[in-house]
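Please work through the exercises below with the sequence and the structure at hand. Each task is followed by a solution in steps.

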Amino acid sequence: MWPRRRSGSPPLLLFSVLNAVTSSSVAVAVNVATAEFPQAHGWTDNFTLLASIVAAVTVVSAVVAWLDRRADAGSAPSRPDALAAAAPMTTAQRWILAGGAVILTAGLATFIWLRPGLGGRERLSVLLTLAAFAVVAWLVAWWAVRAARPQPVAEATRTGEAGITTRSRVLQRVDQWWVRDALHRSLQQAVRLDVALDAQPDAVEAYEGPTQAALQRLGAPEPLPDGTRLVDVYDASRRILLIGRPGSGKTTHLLQLTEELLRRARADDDSPAPVVLLLSRWRTSHPDFCSWASAEIGERYGVAPAEVRQWLDDGRVILLLDGLDEVDDEYQDACLEAINSFARADSFAGTGMVVTCRSQDYERLHRLAFDVALVVRPLSRAQIDRALRSAGPDLDTLRHALDRDETLRELLTTPLMLGVATIAYRGATPDQLPTGGDSDAHRQVLYRLFVQRMLTRRRSLRGRPETEANFPPHEARCALIWLARLMHRRSQTVFYPDWLTPAWLPGRHPEWPLPRPRGVTAWLARRLGWDHTSTGLVGGGLAALIGAVATVPFGALVGGVRGAVVTAAVAAAFFGLGIGLTFGVLLQVPRLNRLFVPFIGREETTAYAASEWTTSARSAATGFLFWSAFGAVFVGLPVALSSTWPAAALIALTLGTGGGLSGGSVPDFAKPPASPGHALRASLRRFTRLMMILLALVAALLAVTFAQRGPWFAVVAALPMTVALMLTAGPGRAWLRHRAVTFGIARSGLLPEQLLDFLSYADDRVIMQRVFGGYAFIHRTLRDHLVAEDPFNRLPEPSRRVPAGG
């Protein structure tokens with residue numbers, strides 16, 4: 001029985017028929033075009049052979065389509081999470097691969113049978129080119145299928161957005177990302193509390209006058225009436241600073257304000273639209289705060305920066321800025337001064353602003369020129385007791401412990417830690433609660449038990465059932481610790497899987513003791529570091545494979561069958577060892593590293609997956625000249641000595657074309673991925689388009705050369721190597737680096753190879769949460785706790801008494 005057709009996919013019969021028509025048209029066109037050439041004698045009348053080629057291509061395409069449908073029918077994800085399994089080929093990928101296969105097969109089959117005009121070496125070279133190009137195309141298609149995952153929730157908000165206004169699209173994304181995902185799925189929603197606000201008038205200054213010195217110390221807050229909400233204060237004063245202790249609920253207050261402002265904006269088209277921005281992304285590369293906000297809103301919410309600027313001028317947007325304390329230390333003063341300049345400007349007087357910051361961090365800064373400053377009031381003893389009583393008798397032990405442990409009681413005055421405690425100590429016995437120690441020691445015990453409970457519970461706090469792709473609790477805890485350490489080492493609060501590069505991996509002198517896996521790979525890593533070992537082994541292995549595949553047509557062109565075998569072996573050894581030693585060993589020598597920078601860029605900062613790629617004429621010219629020179633010296637010269645100089649020139653021109661296309665693609669790293677895997681898919685699409693352009697240019701060059709009766713077989717033979725070299729720059733190199741780091745994190749034992757599945761699992765456990773196209777720990781204090789944990793020590797048994805100081 002035929003599998004049911006997926007919505008949007010072409011019917012199998014239509015797919016096969018159109019393939020047959022396309023292949024027939026191409027073959028007949030080539031047949032007619034070559035009928036005037038003497039070397040085409042015998043082929044133009046051989047319609048039996050023509051019909052055989054068309055039938056073979058049609059059957060192959062039908063079988064591939066049917067197998068893909070079967071894979072589609074049998075690959076339904078076993079869990080609601082869209083990241084559970086890789087998707088089969090999309091309709092566009094099917095047609096691209098099928099069309100390329102048909103054109104390549106029909107065209108090259110026509111050329112192969114031009115017997116009178118070709119020698120044995122030329123025919124063998126074209127045959128090997130067909131096989132080599134098929135191998136490279138299969139590898140790219142295999143990667144495309146592996147990388148094409150279903151769109152996660154954040155991307156799903158784009159569905160049906162065509163035809164709606166820009167403002168409606170912004171409101172829709174704010175609702176999905178910040179209200180539904182961030183607010184309603186937060187840990188603090190498990191403990192419903194009305195956290196009060198107090199006034200902190202000495203934390204802000206007047207709009208006019210010079211900026212005063214740093215605060216050094218905040219005074220006592222002034223109580224506000226019970227029940228005062230942030231939205232009530234915002235209605236009276238449109239510029240608000242909100243400060244508080246870590247985990248006190250600043251972000252929750254901000255998102256509750258977002259929800260109310262979003263409701264108003266949807267009810268009234270004249271109400272300004274609220275947008276949430278993360279100040280941790282602030283950089284001094286923008287001339288002023290307006291420029292940064294315009295670019296950030298444009299990138300995050302899909303609005304043209306010029307339109308955002310108009311919104312800011314007209315007061316049609318409200319800036320909700322979270323995490324002034326998360327700005328890099330070297331940028332904090334500049335960020336605060338930029339916000340003050342924006343707030344003082346008359347042209348932006350109608351734009352509302354709310355900024356959050358930790359109290360202790362804000363005391364080291366200058367004052368903001370805002371109307372009002374609020375501080376989140378700590379939870380009272382009555383609030384804590386009422387919350388614990390409402391949770392049932394499972395928390396009676398914790399409630400009684402608060403009567404005799406003042407340190408623990410003080411720690412639970414923030415909603416975050418109270419929520420952590422209700423999970424960590426639910427159903428606990430008296431001997432399981434910590435004894436002694438200061439507040440930091442209590443926090444470590446709380447987080448340790450919280451992580452243990454979340455990793456061992458049967459259902460996630462998100463309300464989803466346990467998944468098939470489960471991770472053992474001990475292994476999951478180790479992976480969380482290593483991820484926290486890697487993020488802390490690079491000062492990252494949000495982890496973007498697409499931007500993971502070998503530079504994230506530990507070097508020869510790691511900061512912490514690493515797992516000690518066995519084998520040759522681990523032996524090399526202990527001497528070279530996992531960063532260079534991963535790049536060297538993966539790059540060297542792929543270089544050996546692609547080098548052999550790409551150069552075998554030239555070997556056949558120069559020396560027949562023996563030349564093909566020898567060339568493949570030599571190329572595999574040369575490229576494999578060359579790339580492996582270069583990236584694994586030589587780049588660790590500072591002087592040699594500086595020597596390679598003009599050719600490959602800085603390994604730490606270049607060539608990783610990007611959501612946007614642009615074209616640079618200067619970079620394209622550099623790539624064209626470099627690869628043309630490489631082709632002329634290392635490939636064209638041997639061909640010229642054994643064949644003809646025009647053939648060598650055509651080889652250099654073909655290689656230069658691929659180098660110009662790939663080298664001219666410049667990534668835009670200012671725009672983070674909209675969802676996990678988005679940047680990799682965008683890089684893949686860019687590489688696919690470059691391949692299509694290359695094929696079109698090569699086809700034109702091939703037609704001109706064939707019409708002039710030149711060595712057209714040299715152009716065909718250069719095609720596989722051109723495709724291989726396109727993997728060393730631009731979007732191709734981004735994929736290579738991602739494969740290298742995936743290999744490194746799996747072999748080193750730091751993170752699971754199924755990284756996206758693991759991150760989604762951590763999100764299910766409410767240890768991490770989705771932030772646009774990345775993941776962040778539910779709070780920075782949890783990340784800092786995991787950094788200090790020992791991944792080699794197992795968690796204590798639940799029945800053991802846990803000292804707070806240990």
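The structure is a predicted model, in which local features need pLDDT of at least 70, side-chain atom pairs count only at pLDDT 80 or more, and totals for chains, interfaces and linings use all residues. Residues are numbered from 1 along each chain as its sequence is written, and side-chain values use heavy atoms, with hydrogens and water left out.

**Exercise 1. Describe the protein chain as a whole.**

Step 1. The secondary structure comprises 28 helices and 11 strands; these are DSSP runs numbered from the N terminus, helices being H or I of at least four residues and strands E of at least two.

Step 2. The chain has 806 residues, and 54% of them count as buried. Buried means under 20% relative accessible area, exposed over 50%, and partly exposed in between, with a 1.4 Å probe and protein chains only.

Step 3. Of the contacts between residues at least 6 apart in sequence, 79% join residues at least 24 apart, where contact means heavy atoms within 4.5 Å.

**Exercise 2. Determine where Ser491 and Val766 lie, and whether each is buried or exposed.**

Step 1. As background, most residues other than glycine have a negative phi.

Step 2. Ser491, which is not a glycine, has a positive phi of about 55°. The residue belongs to the loop between helix H18 (473-489) and helix H19 (520-528), and Ser491 is exposed, with a relative accessible area of 53%.

Step 3. Val766 is likewise not a glycine and has a positive phi of about 60°. Its loop runs between helix H27 (755-764) and strand E10 (768-771). Val766 is buried, at a relative accessible area of 2%.

**Exercise 3. Classify the ring pairs of Trp282 with Phe289 and of Phe471 with Tyr761.**

Step 1. Rings of Phe, Tyr and Trp (its six-membered ring) pair if their centres lie within 6.5 Å; planes under 30 degrees apart count as stacked, over 60 as edge-to-face and the rest as tilted. The whole structure holds 13 aromatic pairs.

Step 2. The ring centres of Trp282 and Phe289 are 6.1 Å apart and the planes meet at 25°, so this pair is stacked. Trp282 is buried at 2% relative accessibility, and Phe289 is buried at 1%.

Step 3. Phe471 and Tyr761 are 5.3 Å apart centre to centre, with 55° between the planes, and form a tilted pair. Phe471 is in the loop between helix H17 (439-456) and H18, whereas Tyr761 is in helix H27; the pair links distant parts of the chain, 290 residues apart. Both Phe471 and Tyr761 are buried.

Step 4. Ring pairs also link Trp282, Phe289, Trp292, Phe342 and Phe348 into a cluster.

**Exercise 4. Find the rings that have Arg485 and Arg770 over their faces.**

Step 1. A charge sits over a ring if NZ of Lys or CZ of Arg is within 6 Å of the ring centre and within 35 degrees of the ring normal.

Step 2. Arg485 lies over the face of Trp482, at 5.1 Å from the ring centre. For Arg770 the ring is that of Tyr775, with its centre at 5.8 Å.
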